[in-house]
Amino acid sequence: MATTPTQIDPKLLDILRCPVAVHYTDKGDDPGTLEIVGEGYWLYCADSGYKYPIINGIPKMLIEEGEKWKDTDVNDLPVPPPNEPAYAVAEEALSPEMQELATKLTESASETREDVIERLRNAAAGITSVAGDTSSDALKQRSADLARGLEEAADMLEGKPTSIPVPQPPTRPNYTLIVVMFVLGIFAGIWMRSSSND
């Protein structure tokens with residue numbers, strides 16, 4: 001299905017979520033859903049209030065872009081939305097064949113993502129089903145953990161919050177404090193020697 005400046009693929013709308021609201025925990029099971037407003041040129045998230053322009057059929061889902069229009073009423077959004085000059089020049093430079101190819105690649109990426117999500121969920125269901133037939137508690141537990149991991153991977157692709165921990169950067173030693181303590185230790189040693197000599 002080809003996209004136009006006032007229309008995006010419904011499949012894409014089904015998986016898109018507001019990158020801010022998707023992390024909300026008090027907005028139900030599926031936070032960050034979007035609706036089309038502004039004569040089809042804008043995506044609006046009721047959970048966050050952010051509004052994202054659709055430029056040449058492609059939603060501009062940048063947090064800073066959504067925040068820029070947050071305080072603008074839905075009825076006051078510019079139609080069509082302002083376009084970046086560099087982006088417009090690049091679009092005009094594309095031949096019709098290249099524009100058609102870009103559209104097909106966008107559609108293919110959306111279909112591939114949905115296919116991966118479906119395969120992850122099917123694999124999780126298959127593991128759960130097979131694990132139910134075993135008598136080993138350890139194997140059941142390991143299978144449940146694996147199935148849960150696959151489900152959470154599918155949730156992440158759909159933009160849903162998961163319980164997968166975010167890796168934290170390793171803590172580094174405070175070298176300044178170490179140097180200060182070392183210097184203080186030297187001075188303390190010198191002071192103790194001079195005190196003992198007196």
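Which residue takes a positive phi in the hairpin of β3 and β4? Asparagine 56 does, near 55°, and two residues lie between the strands.

Before going on: this is a predicted model, where local features need pLDDT of at least 70, side-chain atom pairs count only at pLDDT 80 or more, and totals for chains, interfaces and linings use all residues. Residues are numbered from 1 along each chain as its sequence is written, and side-chain values use heavy atoms, with hydrogens and water left out.

Select β3 (51–55). Helices (H or I, at least four residues) and strands (E, at least two) are DSSP runs, numbered from the N terminus.

Strands pair if DSSP finds at least two bridges between them. Isoleucine 55 is partnered with isoleucine 58.

Now β2. This strand pairs with β3 in the antiparallel sense over three bridges. Leucine 43 stands opposite tyrosine 52. In the turn of this hairpin, find glycine 49, with a positive phi of about 85°.

Next, glutamate 39, in the loop between β1 (35–37) and β2 (42–44). Its phi is positive, near 55°. Glutamate 39 is exposed, at 68% relative accessible area.

Last stop: proline 80, in the loop between α2 (63–68) and α3 (85–93). The peptide bond from valine 79 to proline 80 is cis, with omega near -5°.

Notes: Buried means under 20% relative accessible area, exposed over 50%, partly exposed in between (1.4 Å probe, protein chains only).
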